[in-house]
Amino acid sequence: MDSLALGADLEPEPVVDEHSTVTLFVNGEETTLTVDHRATVLETLRECFGLTGAKKGCDHGQCGACTVLVDGRRINSCLLLAVTQDGATVTTVEGLADGESLHPVQQAFVERDALQCGFCTPGQICSAVGMLGEAADGHPSHVTPPDPATGPVALDADEIRERMSGNLCRCGAYPRIVEAIEDVIE
């Protein structure tokens, strides 16, 4: 057989490094680590940091179980590549408390019993914290159209349900979740 047919005279393919070094500020701690280019923020939080609050639910950004805050904005961590977040501040449900004092949203979820199985709860809590910030900054939703003159958006039950609609609860704890969030804004 001809050696050219076997590829003997072809140059070897170059080796491409599939890892990069990034610095993340996770729950107030600066960490530099090497991540696979394909690793998501969710996988990095769970596997490299041992932070298992954010859950892998659908792995398609449709359920919200993986919601964390990145630079103060809520995101589906299963869709975000860690390598793209060099220098970002990431807050998980584990980082919301101030020492032994729960974040007001966490406390409201406990007091209202706004959970059943608890699988979605970390994502619900992070989403609620992010949503409260968005409303305070005047970000519009389907319920409240944009109006720069209005400033912060008033959050009633309909507005809360709309803004939290990206976070699913398979147990159906929605009424208590809405009540817990209302408790925080009152």
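User: Where is the place of Arg-46?
Analyst: Arg-46 is in helix 1, which covers residues 41-48. Please keep in mind that this is a predicted model.

User: Is Arg-46 buried, exposed or partly exposed?
Analyst: Arg-46 has a relative accessibility of 31% and therefore counts as partly exposed, since that class lies between under 20% for buried and over 50% for exposed.

User: What does Arg-46 touch, leaving out residues up to four places away in sequence?
Analyst: On that basis, Arg-46 touches Leu-51, Thr-52, Ala-54 and Lys-55.

User: And how many Å separate the C-alpha atoms of Arg-46 and Val-93?
Analyst: Their C-alpha atoms are separated by 12 Å, while the two residues are 47 residues apart along the chain.

User: Which residues of helix 1 are buried?
Analyst: The buried residues of helix 1 are Val-41, Leu-42, Thr-44 and Leu-45.

User: What covers those buried residues of helix 1?
Analyst: The cover includes strand 1 (19-26), strand 2 (29-36), strand 3 (67-70) and strand 5 (89-91).

User: Changing topic: how do helix 2 and helix 3 cross?
Analyst: The axes of helix 2 (residues 104-112) and helix 3 (residues 121-136) come within 9 Å and cross at roughly 130 degrees. That angle makes helix 2 oblique to helix 3, and the crossing is right-handed.

User: Which residues make the contact?
Analyst: Helix 2 contributes Val-105, Gln-106 and Phe-109, and helix 3 contributes Thr-121, Gln-124, Ile-125, Ala-128, Val-129 and Leu-132. By type, the residues of this contact are six nonpolar, three polar and no charged.

User: How do helix 3 and helix 5 pack?
Analyst: Helix 3 and helix 5 pack at an angle of about 40 degrees, and their axes are 11 Å apart. The two helices are therefore oblique to each other. Their crossing is right-handed.

User: Which residues meet in that pair?
Analyst: From helix 3, Gln-124, Ala-128, Met-131 and Leu-132 meet Ile-177, Ile-181, Val-184 and Ile-185 of helix 5. The residues of this contact divide into seven nonpolar, one polar and no charged.

User: Now the largest nonpolar core: how many residues does it have, and which have the most contacts inside it?
Analyst: The largest nonpolar core has 25 residues, and those with the most contacts inside it are Leu-96, Val-105, Phe-109, Met-131, Ile-160, Ile-177 and Ile-181. Helix 2, helix 3 and helix 5 (174-185) are the elements that give two or more residues to this core. Helix 3 supplies the largest share, seven residues.

User: What is Ile-181 in contact with, leaving aside neighbours within four places in sequence?
Analyst: Ile-181 is in contact with Phe-109, Ala-128, Met-131, Leu-132, Ile-160 and Met-164. Apart from this core lies another core of 17 residues, among them Leu-33, Leu-42, Leu-45 and Ala-82.

User: Which residues is Glu-159 in contact with, apart from neighbours within four places in sequence?
Analyst: Glu-159 is in contact with Ser-141, Val-143, Thr-144, Val-153 and Ala-154.

Terms used: Residues are numbered from 1 along each chain as its sequence is written. This is a predicted model: local features need pLDDT of at least 70, side-chain atom pairs count only at pLDDT 80 or more; totals for chains, interfaces and linings use all residues. Side-chain values use heavy atoms; hydrogens and water are left out. Axes are lines fitted to C-alpha atoms, for helices over the stretch in contact, and angles run from 0 to 180 degrees between N-to-C directions. Helices (H or I, at least four residues) and strands (E, at least two) are DSSP runs, numbered from the N terminus. Angles under 35 degrees count as roughly parallel, over 145 as roughly antiparallel, 65 to 115 as roughly perpendicular and the rest as oblique. A crossing is left-handed if the near helix is turned anticlockwise from the far one by less than a right angle, and right-handed if clockwise. Contact means heavy atoms within 4.5 Å. Ala, Val, Leu, Ile, Met, Phe, Trp, Tyr, Cys and Pro count as nonpolar, Asp, Glu, Lys and Arg as charged, and the others, Gly among them, as polar. A nonpolar core is a set of buried Ala, Val, Leu, Ile, Met, Phe, Trp, Tyr and Cys residues joined through side-chain atoms within 4.5 Å. Buried means under 20% relative accessible area, exposed over 50%, partly exposed in between (1.4 Å probe, protein chains only).
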